[in-house]
Amino acid sequence: MVKSKIFKQLSIILFSINIALSQTSPKAEPFAPIYSIYYETDKWNLTTENTEFLNSYVIQKIQSEGLENIIIHLEGHTDDVGNSDYNIQLSQKRVQEVYNYLISKGLNSNQLTINYFGESKPETRKIAISKKLNDIRYANRRVIIKFEKT
């Protein structure tokens with residue numbers, strides 16, 4: 001139970017930092033937030049928290065902005081636990097789950113792109129607020145969701 005609370009609190013902190021960074025980035029349009037959902041080690045299925053997050057932030061954003069002229073880029077990542085071949089497969093499973101969920105909610109597959117990187121693109125923003133290895137690994141077990149107006 002304590003682990004679940006910590007997991008949820010860290011998710012909220014990381015989400016808030018992602019939003020702040022996406023809004024201050026010189027490359028980002030005001031419309032182009034970057035969202036991330038996070039995973040436990042060796043997991044890829046969407047949790048209740050993940051689906052609630054996708055519904056509240058991603059689906060709601062799309063519905064409020066309209067579906068035309070929006071491309072959503074999905075990127076799957078892992079931490080450094082396990083070998084690189086396994087991590088590529090794990091990051092693919094994570095991003096595919098998000099893709100399938102968004103399709104099930106009515107998004108058009110032409111509006112979605114998928115990339116997966118395994119452990120090859122670790123989190124570089126200052127979002128690992130702790131120097132603890134567990135926190136850094138947690139920040140890397142993610143699917144990034146980027147909006148692009150076309």
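Visitor: Why is Ile 88 called partly exposed?

Guide: This is a predicted model. In it, Ile 88 has a relative accessible area of 33%. Buried means under 20%, and exposed means over 50%. The value of 33% falls in between, so Ile 88 is partly exposed.

Visitor: Where is Ile 88, and what does Ile 88 touch?

Guide: Ile 88 lies in helix 3. Leaving out residues up to four places away in sequence, Ile 88 touches Tyr 116, Phe 117 and Gly 118.

Visitor: How many residues apart in sequence are Ile 88 and Gly 118, and how far apart in space?

Guide: They are 30 residues apart in sequence. From C-alpha to C-alpha, the distance is 4.0 Å.

Visitor: What makes Glu 123 count as buried?

Guide: The relative accessible area of Glu 123 is 15%. The cut-off for buried is under 20%. Glu 123 is below that cut-off, therefore Glu 123 is buried.

Visitor: Where does Glu 123 sit, and which residues is Glu 123 in contact with?

Guide: Glu 123 is in the loop between strand 3 (112-116) and helix 4 (133-140). Neighbours within four places in sequence aside, the contacts of Glu 123 are with Ala 139, Asn 140 and Arg 142.

Visitor: Which residues make the contact?

Guide: Helix 2 brings Thr 51, Leu 54, Asn 55, Val 58 and Ile 59. Helix 3 brings Val 98, Tyr 101 and Leu 102. By class, 6 are nonpolar, 2 are polar and none is charged.

Visitor: What is the hand of the crossing of helix 2 and helix 3?

Guide: Helix 2 passes helix 3 in a right-handed crossing.

Visitor: How many helices and strands does the protein have, and in what order do the elements run?

Guide: There are 4 helices and 4 strands. From the N terminus, the order is α-β-α-β-α-β-α-β.

Visitor: What share of the contacts comes from residues 24 or more positions apart?

Guide: Such residues account for 75% of the contacts with a separation of 6 or more.

Notes. Residues are numbered from 1 along each chain as its sequence is written. This is a predicted model: local features need pLDDT of at least 70, side-chain atom pairs count only at pLDDT 80 or more; totals for chains, interfaces and linings use all residues. Side-chain values use heavy atoms; hydrogens and water are left out. Helices (H or I, at least four residues) and strands (E, at least two) are DSSP runs, numbered from the N terminus. Contact means heavy atoms within 4.5 Å. A crossing is left-handed if the near helix is turned anticlockwise from the far one by less than a right angle, and right-handed if clockwise. Ala, Val, Leu, Ile, Met, Phe, Trp, Tyr, Cys and Pro count as nonpolar, Asp, Glu, Lys and Arg as charged, and the others, Gly among them, as polar. Buried means under 20% relative accessible area, exposed over 50%, partly exposed in between (1.4 Å probe, protein chains only).
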